[in-house]
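Please keep the sequence and the 3D view open as you read.

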Amino acid sequence: MKSGIFTISLDFELLWGIFDKVGARYKPEYFSNTRKIIPTMLELFGSNEISVTWATVGMLFAENEEEWKFYSPTYLPSYRDKKLSAYEWAKLNGIRPEVHFAPELIGQILATPFQELGSHTYAHYYTLMRGQSPEQFRQDLRATQKIAEDKFGIRMKSLVFPRNHINELYLGICLEEGYDYVRGNPKNWFWQETQHESFEKKLFRSADCFFEVGEKSSFGIDEIREFDNEPLILPASRILRPLNPLNPPFNSVRLRRIFREMELAAKQNEVYHLWWHPHNFGNAPDQSMKELGQLIQHFQKLKEQYGMESLSMAGLGEKAKSRLLAV
């Protein structure tokens, strides 16, 4: 690889991403801020030629509850803990279009240059939780591809597992349902087996945002390996933690850490894969957007100095495939 690569993937979920954590106790302005800020984010990405993968929950494609039900699979996830099911949540709490549907924002993503629409499964599906099955997962992926094809005429190639629950036994299903690329977890031990959380893992993940407590976060493109009947796994490097409006030193230290890692990747011709949720900007939209502007300015500097390029997950995956074919 002759230059470093900067990849951004976003987990676009709205309430579907956190319903099992917050229930009906969420702040409406948190998601209204998110909806308002996404077009601004898209304008910033497009005007700066920043390639981004928007891994989107399939339920967000629906216009209304009737359409949501029409595209939902007949064979729903049978989690032992019913609180994990988006369908059970909707049954108990009802559907609210402002936090559950966003087809107009998906249309804007597709209309913005350099953006890739990817999948975050149809129902924010947890592949490592007890009770669900491979066939239920397959039907979930098919529902997502179906609504994307019917409404926007596309087939998605990139997939991000919700909660980073990567079930290796399901990777073959991903490939069979059209997903050539899957985001992997960072290589540090505290990002592995994310279904088994512990205080120690959370502590190390938080500390690693500020100090070097784990391994180097960037990686060479030659570390992306190909295995029979599986999609390419594209490792993540770091999550951009939500800005804390009451703690400027916290914000500054975590951002400088990302800048240093990006620069190291640019100098060593490696890949730096950053991810976050658009709703992470919901509590402090203006300050968060200012930070995003600084992040993009830093990338532009690295592009000018070291030739670093911006690629979506699909763009990175295609480049890795080309290299594998040439070997």
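Which residues of strand E6 lie on its covered face, and which on its uncovered one?

In strand E6 (residues 232-235), Leu232 and Leu234 make up the covered face, while Ile233 and Pro235 make up the uncovered one. In a regular strand, side chains alternate between the two faces of the sheet. Strands here are DSSP runs of at least two residues, helices are H or I runs of at least four, and both are numbered from the N terminus.

E6 pairs with strand E5 (residues 181-184) in the parallel sense, over four bridges; pairing requires that DSSP finds at least two bridges between the strands. Opposite Leu234 in E6 stands Arg183.

## How to read the model

This is a predicted model, in which local features need pLDDT of at least 70 and side-chain atom pairs count only at pLDDT 80 or more, while totals for chains, interfaces and linings use all residues. Residues are numbered from 1 along each chain as its sequence is written, and side-chain values use heavy atoms, with hydrogens and water left out.

## Helix H11 and its neighbours

Two packed helices are described by the angle between their axes and the distance between the axes. Axes are lines fitted to C-alpha atoms, for helices over the stretch in contact, with angles from 0 to 180 degrees between N-to-C directions. Helix H2 (residues 28-47) and helix H11 (residues 285-306) have axes that come within 11 Å and cross at roughly 20 degrees. H2 and H11 are therefore roughly parallel to each other; angles under 35 degrees count as roughly parallel, over 145 as roughly antiparallel, 65 to 115 as roughly perpendicular and the rest as oblique. Their crossing is right-handed, meaning that the near helix is turned clockwise from the far one by less than a right angle.

H10 passes H11 in a right-handed crossing. The residues that meet include Leu255, Ile258 and Phe259 in H10 and Leu295, His298 and Phe299 in H11.

His100 sits in helix H5 (residues 97-100) and is buried, with a relative accessible area of 0%. Buried means under 20% relative accessible area, exposed over 50% and partly exposed in between, with a 1.4 Å probe and protein chains only. A polar atom of the His100 side chain lies 3.0 Å from the backbone nitrogen of Arg96. Beyond neighbours within four places in sequence, His100 has contacts that include Trp16, Met59 and Trp89.

Gln136 belongs to helix H7 (residues 134-152) and is also buried, at 2% relative accessible area. A polar atom of its side chain lies 3.2 Å from the backbone oxygen of Leu76, and the Gln136 side chain reaches the backbone nitrogen of Ser133 at 3.1 Å. Leaving out residues up to four places away in sequence, Gln136 touches Tyr75 and Tyr125, among others.

## Positive phi in a loop

Which loop holds Thr121? Thr121 is found between strand E3 (115-119) and H7, and His124 has its place in the loop between E3 and H7 too. Thr121 is not a glycine, yet has a positive phi of about 70 degrees; for His124, phi is near 50 degrees. Thr121 counts as buried at 0% relative accessibility, and His124 at 1%.

How values were computed
A polar contact is a pair of N or O atoms within 3.5 Å; within protein, one must be able to donate a hydrogen and the other to accept it, and residues adjacent in sequence count only if both atoms are side-chain atoms. Contact means heavy atoms within 4.5 Å.
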